[in-house]
Amino acid sequence: YVPGYGKEDLDISVEDLVLSVKTKDNELKYQWDISSKLNLENTTAKCDKGILVITIPKQTSTKVNIDIK
């Protein structure tokens, strides 16, 4: 919940598996530890009327067959 702030007022980043949300005026700052099993490339964020929603999908399981030579 980020009352009084719009999307242009927010910075969202991930560094070393820590998701950070902060306002550009540094009044609010939130941090969460996140799993390495998330697909960060497909992360989306939406801010509407002070409600910030960040969606981070799970990493899809990848199975790779390796040929033996």
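Predicted model: local features only at pLDDT ≥ 70, side-chain atom pairs only at ≥ 80, totals over all residues.

Q: How many helices and strands does the protein chain have, and what pattern do they follow along the sequence?

A: The protein chain has five strands and zero helices, and the pattern read along the sequence is β-β-β-β-β. The radius of gyration of the protein chain is 16 Å, whereas the globule rule gives 11 Å for 69 residues, so the chain is more spread out than a compact globule. Along its principal axes, the C-alpha trace spans about 60 × 20 × 15 Å.

Q: What share of the residues in the protein chain is buried, and how much of the accessible surface belongs to carbon and sulfur atoms?

A: A residue counts as buried when its relative accessible area is under 20%. Buried residues make up 20% of the 69 residues in the protein chain, and the accessible surface comes to about 6000 Å², with 48% of it belonging to carbon and sulfur atoms. As for charge, the protein chain carries 10 positive and 11 negative side chains, and the centres of these two sets lie 9 Å apart.

Q: Which residues make up the largest nonpolar core?

A: The general idea is that, in soluble globular proteins, nonpolar side chains tend to be buried together. Here the largest nonpolar core consists of five residues, namely V2, Y5, L10, V21 and L52. If neighbours within four places in sequence are left aside, V2 is in contact with L10, L28, Y30, C47, G50 and L52. For the protein chain as a whole, among contacts between residues at least 6 apart in sequence, 25% join residues at least 24 apart.

Q: How should I read the phi of L17 and that of N26?

A: Most residues other than glycine have a negative phi. In this structure L17, which is not a glycine, has a positive phi near 60 degrees, and N26, also not a glycine, has a positive phi of about 60 degrees. L17 lies in the loop between β1 (10–15) and β2 (18–23), while the place of N26 is in the loop between β2 and β3. With a relative accessible area of 37%, L17 is partly exposed, whereas N26, at 56%, is exposed. The C-alpha atoms of N26 and D9 are 9.8 Å apart in space, and these residues are 17 residues apart in sequence.

Q: Where does T60 lie, and is T60 buried or exposed?

A: T60 lies in the segment after β5 (51–55), and T60 is exposed, with a relative accessible area of 57%. The C-alpha atoms of T60 and K29 are separated by 30 Å, and the two residues are 31 residues apart along the chain.

Notes
Residues numbered from 1 in each chain as written. Heavy atoms only, no water. Helix = DSSP H or I, 4+ residues; strand = E, 2+ residues; numbered from the N terminus. Rg over C-alpha atoms; globule rule 2.2 N^0.38 Å. Buried < 20%, exposed > 50% of the residue type's maximum accessible area, 1.4 Å probe, protein only. Contact = heavy atoms within 4.5 Å. Areas by Shrake-Rupley, 256 points an atom, 1.4 Å probe, with all protein chains shown as cover. Lys, Arg positive; Asp, Glu negative; His and termini not counted. Charge placed at Lys NZ, Arg CZ, Asp CG, Glu CD. Core = buried A, V, L, I, M, F, W, Y, C linked by side-chain atoms within 4.5 Å.
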